[in-house]
Amino acid sequence: MLAPGPSGHARRRVVSGHLLFWVLIGVGPGPRVPHPIMVIIHLVAMMAHGVFGLVLMQTTNVIATRLASRRPSCMGASLLDGQKRGAGIARAFGEIPATAVMIILVRQWIRAGQREAARRDRAPTAPRRGRW
């Protein structure tokens, strides 16, 4: 399933992204993390991806030249131009789903708080003991 090479790399990224989002916004069985921690984890991931995209767009060296040199010749642009273009696309299009996930996380957090408040309101109050 996760073969070496560019297609295997893309599949690994998709699988790792699905696993991250399953932990963050997944419902059903699986690891559950408190809502504030999930928001912090997602904020850190968003910042890391943004910085990585900016660094790749500003660099003057091609990273992974061995892998990049195997790309089809019909792509036209130089390796550095392709790297910068890819970094820009990844950064720009990565923000859209990341923002959607952040909205989902905050909505889940609010709904969990509302459910907890409703549960506390339904719970019977313990009789007071003592003078106060």
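In which helix of the protein is confidence lowest, and in which is it highest?

1. The lowest value falls in helix α3 (residues 65-68), with a mean of 70, and the highest in helix α2 (residues 35-58), at 86. For the protein, the mean pLDDT is 78, with 80% of residues reaching 70 or more. Where pLDDT is low, the predicted coordinates should not be read in detail.

2. The secondary structure consists of 4 helices and 0 strands. Read from the N terminus, the order of elements is α-α-α-α.

3. As to burial, 17% of the 132 residues of the protein count as buried. The accessible surface amounts to about 10,200 Å², and carbon and sulfur atoms account for 67% of that area. Of the contacts between residues at least 6 apart in sequence, 50% join residues at least 24 apart.

4. The count of salt bridges is 2. In one of them, the side chains of Glu116 and Arg119 meet at 2.3 Å, N to O. Both residues belong to helix α4 (residues 79-122), where they stand 3 residues apart, about one turn of the helix.

5. A salt bridge also pairs Arg120 with Glu116, at 3.2 Å, N to O. These two residues, again in helix α4, are 4 residues apart, about one turn of the helix. Through shared partners, the salt bridges join Glu116, Arg119 and Arg120 into one network.

6. Arg120, with 59%, is exposed.

Note on methods:
Residues are numbered from 1 along each chain as its sequence is written. Side-chain values use heavy atoms; hydrogens and water are left out. pLDDT is the predictor's confidence in each residue, from 0 to 100. Buried means under 20% relative accessible area, exposed over 50%, partly exposed in between (1.4 Å probe, protein chains only). Contact means heavy atoms within 4.5 Å. Accessible areas come from the Shrake-Rupley method with a 1.4 Å probe; for residues, only the protein chains shown count as cover. A salt bridge is a side-chain nitrogen of Lys or Arg within 4 Å of a carboxyl oxygen of Asp or Glu.
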